[in-house]
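Visitor: Could you walk me through this one slowly? I'm new to reading structures.
Guide: Gladly, let us open it.

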Amino acid sequence: MIKIKNLEKYFTSEEYKTIALNKISFEVNKGEFVSIMGPSGSGKSTLLNILGLLDDADGGSFIFNDKEVINYSERKRSTLRKHNIGFVFQSFNLIDQLTVFENVELALIYTGVKKNDRKKKVNDVLERMQIMHRRSHFPQQLSGGQQQRVAVARALVNDPKLILADEPTGNLDSKTGNEVMELLTELNNQGSTIIMVTHSEHDAKYSNRIIRMLDGEKVTENVLVNY
Amino acid sequence: MIRNYFKLTWRNIKDNKMLSFLNILGLSSGLFCFLLIYLWISSENSIDKYHTNINQLYSVYLTNSEGTPFDYGTPSLLYKELKLKVPEIEAVTAMRNNSSNSTFSNGEKVLKQEGNFVSKDFFSMFSFNILEGNKAEALSSPNAIAISKEMAELFFGDPKSAIGQSLTYENSKALKVSIVYELSSPNSSEKSAFYLPFNSLFADNPWMNEWKNLGTYTFVQFTKGADVNLVEQKLKSFLLDYNLGLEIKFQPYGDRYLYANIKNGGGKIEYVRLFGIIAFLIMLIASINFMNLASAGSIKRAKEIGVRKVLGAGKNSLIAQFLGEAILLSLSSLFFALIFIALVLPIFNQITDKNIDLANLPLATWVMVFVITIMTGLLSGSYPAFLLSSFKVTDIFKKKIDTSVRTKWIRKGLVVFQFTISVVFISCMIIISQQIDYVKNKDIGFDRENLLAITLSEDLQQNYAAFKSGALQISGIKSVTKTSHIPLGEYGTSPEVIWNGKADDDGSLFTGMVGSLDFTETYGVELLMGRGLIHNNPDNIEYLINETAMKQMKMEQPLGQPLSFWGNSGTIVGVVKDFHFSSLKESIFPLIIRSEGYSEFNIAFIKYDTGNIQQTLTALESLHSNLNPAFPFEYRFIDSEYDQLYKSESTFYKLSTYFSILAILISCLGLFGLVIFTAEQKTKEIGIRKVLGASVFTITSLITRDFIKLILAGIVIGTPMAWYFMNNWLSNYEYRIDMPWWVFGLTGALIISIALFTISYESIKAAIANPVKSLRNE
């Protein structure tokens, strides 16, 4: 499903250039649950942003569903993204002014789903995430675990081929964190492909495969693949 | 999607109450000014445009042979000749204003009314609602009178009973009401209570037969499709046949109201333009507030933008969303603006002498109001929309968006711009008020204080001697004279002056008026040579001239020299120091005052003591009714009439004062919002500084310093601009103040104080906050 080869990413400021991703290569197959681990600054989030088509790479190849997308325009990336990829963030990133229902619905609005279908889909996914009873609440009225459930619901509502999770338990206590991890595992068991960035060895154990990244000072050269 | 935006906008308004309040208040105030001015401008623009034949109606004016516009005054016989000789002209009317109000009586009822003399075609050219009578016969008989609905109601109760009734004109002439009309639109510059046949004027005013005497207005109606420029070309030498070296030109009748100053193509249009600029600038200030507050606050929206982008929102859809929000906000501001407008409209109408009614606005105006509002939303929303939609998702989630740096320069520039405008507004406003004061209090060469004018109707003209001696016996009355004009208005001019040594090609124009015994004393005019007028003998006419006339005639020893004005030979007996007899915008014209005249010789001037004016007036009234029982007693105070000359200036000043105050208030509103954001952004810095021991004063100045710099920049840029504009404006006046430099200092001080006041509250609040709290928040 994903095949990256020699992927490169630099950050340049006025004075110096930092290499964030240095010729990194790996593959993720359909139905896999892969964790990416590494200390802060190792480039995991940068990698996830590129995999999620939120950011562009400076070199290398990125094949998504058999298509080379490395040179896709913002518009093309956006289209590809909204139909194929769901995101779960550490800080949930729910819009405070929208209710649970509306937050989830937003993802369907941008993919152009009709209103009646939207209602059904949102209700289904909220039911599945067991958060239906909170559908009219605003994010601030929910616990962290509940907020993350809403975020997962939003990530799922478009039936994405790939779910990207960026430290999904980072803002949660361990009990709620485990619940979220079990939720992701369940989704994986139902066929979703998941790539998760995490600091937690505990969380990583839920996945099938761990890709370790290391930032040697400024260069991230080593890709450690460890089944 | 749209519903989603609506919901979100509404919830954003609710969640950011302060920001929304500032935004809506600013935009409503801006829209309020803009729409009010727009309503006024569209009302001004609609004046006189309602006539059915408006595209064919033109005013005649004359130019000299070089094409320099002269005046609307034309020869009184021109209308007949034009109709006779110019096939492109379908209809013509002459018009003369009555120099003062006319007295009408019917039985016991005696009333003064203001009206015009017009010729036969008048009612077919201009649109009126004819309530009673036949339009074609309105003025066909010499003793016909057309009266307005209001006048009919005054005399006869209603239009129906007025028709065919008789009215006595000036206690002598019996007239018969031929038609009763009503203005077909309130947007008319012509508001006569009656119209009398123009023909009837010739008998009493033989000078009207002379082509050289100008002063009658002529209006023409061209045939459909006539080429007016071509007709002007054809008529280039038309007046030469009547020994008049002037050329005929046509001005569209619809332009006459706004472009009445044909000499320089100006008139009320100048105020329309000025207010248009003011409206636009105020709207810009309000929009800038919105832009600044929205961009300063954009950090708060960053997460939302990030989420939307992740979920697939394109740049365009985000731009549309933020523009939509801005439009929604401006539409809600429109709601408040309209409420404000409805509240102040009565006062506004009073100040501007208008009849604007929100309930009766044409559909087109409403459409424009909405278009303006939406444009305002687009303008205000454009910068935030492009700014916010350009955020990169990865930056947002890494919290790398530092809007304070990114947009700082634009925001600073916009604040400088706002205060530049405020500086210009305020200094201009003060300078205009100085000039108006100067004009109102200027020594104009005659003493307009304690001077009363009374129209001498029929009987009083014959009994003037009795009136004068009677008046002089009333306590408080110092002197009495009579003249032909009130020395504040438009005078006719004439080249028909002959003096010794006049060159053949000398076409100098002179203004003429008629004076009498005690003229110089009553007017308080200074005599430079000779004496005042004494005799009133048609065989021995005496002339007074002013200094300018003396210079014009190049006379060194004018006393005793023969002079002929309008064919009346006499002798110059004195020279008076120049005095102003029209607006100070005009320079003093050569003036000839003669001791005997025609029937226009009809205004008595009375100089009184500042004592019990009411008592003096009561005594004068009883004297008047004894001598002239058929006419109502009517008097005018010359000083208040003088103030009327500057009415448009005064109105302009009043309105621009209000608008300037609003402009600076709106600017401060924006400033207030920015200070809140700055204080928020600097919370951490303030906390650290406080922990390290900074005083409240140091921290307050840390926040205010940057803003004061911006305001100073505004002052530095605005001052020369204001100087430039005001120097231009003042040059319109023949008599003007010197540029008062202190105004700029005062403006600067005023703006800095207001701004400091605005800033200080939030700054001090930030400075005295508990540092532990601000650091914990970080």
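Visitor: How many residues of chain A are in contact with chain B?
Guide: In this predicted model, 18 residues of chain A are in contact with 17 residues of chain B, where contact means that the C-beta atoms, placed from the backbone, lie within 7 Å. Local features here need pLDDT of at least 70, side-chain atom pairs count only at pLDDT 80 or more, and totals for chains, interfaces and linings use all residues. Residues are numbered from 1 along each chain as its sequence is written, while chains are lettered from A and ligands numbered from 1 in the order in which they are written.

Visitor: Switching topic, in what order do the four strands of the open sheet in chain A come?
Guide: The order is S2-S1-S4-S5, with antiparallel pairing, and two strands pair if DSSP finds at least two bridges between them.

Visitor: Which strands stand at the edges?
Guide: Strand S2 (17-28) and strand S5 (67-68) of chain A do, each having a single partner strand, so one side of each is left without a neighbour in the sheet.

Visitor: And how many bridges join S1 to S4 in chain A?
Guide: Five bridges join strand S1 (residues 2-12) to strand S4 (residues 59-64) of chain A, and A:Lys3 has A:Ile63 in S4(A) as its bridge partner.

Key. Contact = placed C-beta atoms within 7 Å. Helix = DSSP H or I, 4+ residues; strand = E, 2+ residues; numbered from the N terminus.
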